[in-house]
Every structure is written in C-alpha cells, then in structure tokens.
Amino acid sequence: MANPDRSAAWAAIAAQPRVPLLQSFEQDSERVARFSRYVATIHFDWSKTYLTPGLVEAFDALAEAADYRGKRAALFAGDIVNPTEQRPATHVAERGEGNPEDNALALARHKRMRSLIDAIEGGAFGDIESILHIGIGGSALGPDLIIDALGRDADRYDVRVLSNIDGEAFDQATWGLDPASTLVVGVSKTFTTTETLTNMAAAIEWLSEAGVADPYGHLIAVTAAPDKAVEYGIDESRVLPFGEGVGGRYSLWSSVGFSIAMALGWGAFEELLEGAAEMDRHVKLNDGAANIALLAAYADLTETQLRGAQSRALFAYDERLRLLPDYLQQLEMESNGKSVTADGQPLGRPSAPVTWGGVGTDAQHAVFQLLHQGTTAIPVEFVAVIENEDSMDARHHHLLLGNAFAQGAALMAGRKHEDGARAYPGDRPSATVLLERLDPRSLGALVAFYEHRTFANATLLGINPFDQFGVELGKEMAKKLDDPEGRAALDPSTRDLIARAGL
Ligand code: F6P
C-alpha cells in the first residue's frame, strides 16, 4: 500500500491550481530569479515550466514524505540504494564524494588506470596512435559523449567508440586505423555482453590478420569482473577493474573513462571528476527547491503526473553536445522506466517519460512543428553554451543562441490567429541550461546534474533507479535462436521472420 504521507502529498500536489505560464510571470516579478539557479558555472532557468510557489511547497512535502534527504544520505554514504540487487551506487565515490573507504578504492583504481596510461604514453606498447573502445550501453555512451564533446581539437590519440553488433559499425569504427598502432579496449561491467565479446573477437581477428604478432598484447579490459577478463586471455596488468556498485549508465567516472583520459589527457579527466564533485556537493548541501536536481524533478513530475506529458525533448544548441540526448535516453529511461516501486509494488502512476531530442537549429526545421502545434505539450529543454569557441565569426553563435531563446519564448507565448492552422496554442513549458563555457569541469557538472535529477525523480516516485531487469527478456529470447528447442518455443510470427531471414 502507498505510504499515507506520500498519498497525502500527491493529493496536495494534484490540488494545486494550473496557472498559465504567462500569468505566472505576470503574478510574480521575481519569477526568473525564483526558478533559476547558478551552479558550477551553469545557469539553470526553470522559470518557463509549470512550477508555481504552491507546487514547490507541495513537492517539498512529497520530498519529505519520500525521505529524499535520507535516500540522498544513503547514496553518498555508500549504503544499499539498489535493493533488488542489494548494492550501493558508488558513482559519487569515483568523484571523491562517497564514503572514505569507497573514495580510497576509487582513487586506487584511478591510479592504476593512470599508470597504464603513463606506460602507453611512455611507449611501453610501441608507437600507439589510436584506441578502439568496444562497449555498449553504459559502457559506451558516456565516453562517446565526453570524447565527442571535448576531444574535437585534442591533439592526442584517435579514439573510436564501437558498440553495435552490426558489422557495418565495426567497419566504420576501424576504417583508416592501423592495427599495429591501435590498442583495443574491451569495456564491459559484466564481461558477458554478447555484442562486446563478439566485437572483441572480431578485433582480435582484425589485429592478427594485419600481422600483429601478439594480438592479445594489444588488448585492455575495463570491467567489474576482472577474473573473467583474465580468463579471456588479457594479462592482469592490462585489466582495469571498477566496483560492482558503479552502474553501467553511471560509470564514465570510473575506469570506464579510460578512453576519455586517452583522448583528452589525464588532467582533463580529473577536471571532469572535479566538475561532477562540485555538483555532488551542491546536491548534498541544498534541500528543497534550492537543490537544482530536486527543482528540475519537481518540474518533471508536474509535467508527467499533472499534465500528461509522455515524453520530454532535449535540444543541444551546440554541435559538441549532439550526443547528449542519446546519453540521457539511457540514463533516464533505463533508470526510471519502471512500473513498480522499489519494494515491488505497482507504481500506480506514470514513471519516466520517453527522452528524445536532437540538435538545434537542425531540429527546428524537422520536429518543432509538433512541439508548437501538436496535440500535446511536450516539455522541452534547451542546452546551450555562452562562450563561442568555433572558428566562425560571432554571427553564427549569435544566431544559434538567439534561436534557442526564441524557441522557448515562442513555445510559451503562442499566437492567436483566426485561421486555426496558423494559430499557436502557446503555454508550452521549457527549461534552459546555459553553460558559460564547455570544458571538462562544466561538462562533468552537467552530467552529474542529470544523474542527480534522475535519482530525485526516482526517489519522489519511490522507484529503484539502479536496476534494469527490463533488458533481460529480449537478451534471453535472442539466445533461444541458437538452439532448436528454444526456437520451437518462440511465437509463430518470430519463427516466420527467422525463417525468412535464413537464420
Ligand atoms: O543491456 C543493458 C545493459 O546491461 C546496460 O545496463 C549496460 O550499460 C550495458 O548493457 C552493457 O553492459 P556491460 O557493461 O556489462 O557489457
């Protein structure tokens, strides 16, 4: 049964009046300041969301009833916060913000990773020019995002991230690489993932076909199951472990960030961690709406629970952040796409909406029609960077940022028109995240913000964000294909597709 305090808090939230956005601004001259925060050189403007002071108060009561403070303390203390798997979630310790023991362990693993990087840089593996990072899901999306965002001008190793099992992906990732000067990094928390192990086997073949005498000597493993990597044939000195408590989608801060450090340098990797730690401290020290992760979660829940939003869209008005929506899809949907509470009871209300998005201004000319005039209001998030670092004159950047701001204004203002096709309903919510500059520190803080927001949403809903049993059934079914009895047990449509494809 739902906790009665929580039920009362939800009832109070549902009873809050729905105030149109423009009216909220008219009623409150302090609205921008009230719903904006500045943390770790990032401006967060949540004033164009449906939040009202009354709603914030009602959500504060929910946070109290859901014991957000207690759950947050448990997260940072390294206590069990993933009850279905009886595990802590120790990603904050990777940033030095966990308990002293976990922090020390994370530091020792970072040191081990750094020694290997120093050895590679010092020529212990010959003349290495490129890194083929093989991993999938949380073992790929984080490094891919960070390297794509910050590694564009880096004059270091050419790092390619290979995830998909499609052979086309392998061909593309290895295109133009010289196997003799490439190190292959197999990244898998479990070291059992079919895609990663199959791509690693292909990489070993690729190395030996090119005449690399000791292909296994070109392999590095990053895993929470080091024994399996050693069993696989990778020398223990090239196995970089990370903790069982580090979830895949929260893992870029751990040894999983090896490729990040190879692409950007150790100093940049440390700054990334420091930026995340700054966000950790903000979240740790601030309660209620002063905590940006909670404030954002209050807005998220207003949209999904009171306004029926089934998706939320994020547009990066900066090419360097084009992979942010992909990264957030896993973080938010794998964490909070659940139908039961942490103790296995039916949730009884919507959980995570679909996260999707793209890059501005491209998206304006493709999907914004629906955002402005579609039948449901989809909350939009704009992410942009103030400092211009591209090589073009200021006009490009001026137009880029101006467009992001104009879209938010248009979504909210709408426009009346006697011809329905030309009318914009308006009153559509958006939030804006404005980074002063894009560097390792600010990107670390930004990603940590999204992690804490996901945790805040989960806590207020009563969900365990750290398991992901929903991904298992499809994997099991795929394995059934390999044995005749398993195939026979599949449904007729699937059997027919298998036969047509000649599998
Ligand atoms: O199938 C989903 C998943 O388990 C993710 O949670 C994880 O990030 C990914 O697969 C990769 O898993 P691993 O790191 O164990 O290879």
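Ligand site, pocket and cavities

A polar side-chain atom of Lys475 is placed 2.9 Å from an oxygen atom of the ligand, polar contacts being pairs of N or O atoms within 3.5 Å. Taken alone, the ligand exposes 400 Å², of which the protein buries 87% (Shrake-Rupley accessible areas, 1.4 Å probe). The model is predicted: local features need pLDDT of at least 70, side-chain atom pairs count only at pLDDT 80 or more, and totals for chains, interfaces and linings use all residues. Residues are numbered from 1 along each chain as its sequence is written, and side-chain values use heavy atoms, with hydrogens and water left out.

Two further ligand distances involve Ser188 and Lys189. An N or O atom in the side chain of Ser188 is 2.6 Å from an oxygen atom of the ligand, and a polar backbone atom of Lys189 is 2.7 Å from an oxygen atom of the ligand. In total, 14 residues surround the ligand (a heavy atom within 4 Å); the closest are Ser139, Ser188, Thr190, Thr193 and Glu334. This shell comprises two nonpolar, nine polar and three charged residues (Ala, Val, Leu, Ile, Met, Phe, Trp, Tyr, Cys and Pro count as nonpolar, Asp, Glu, Lys and Arg as charged, and the others, Gly among them, as polar).

The ligand takes up the space of the largest pocket (more than half of its atoms lie within 2 Å of the grid points). On a 1 Å grid over the protein atoms alone, a pocket is an open set of points with protein on both sides within 12 Å along at least five of seven lines, a cavity is a set where a 1.4 Å probe fits but cannot get out, and lining residues have an atom within 4 Å of a point. The volume of the largest pocket is about 1000 Å³, as the space filled by probe spheres set on the points. Its lining has 37 residues, with Thr190, Thr193, Val471, Glu472 and Lys475 nearest the centre. Helix 19 contributes the most to this lining, four residues (helices are DSSP runs of H or I, at least four residues).

Four cavities of 30 Å³ or more were found in the whole structure. The largest cavity holds about 160 Å³ of space, and 14 residues line it, among them Asp300, Asn336 and Asn457.

Key. A polar contact is a pair of N or O atoms within 3.5 Å; within protein, one must be able to donate a hydrogen and the other to accept it, and residues adjacent in sequence count only if both atoms are side-chain atoms. Helices (H or I, at least four residues) and strands (E, at least two) are DSSP runs, numbered from the N terminus.
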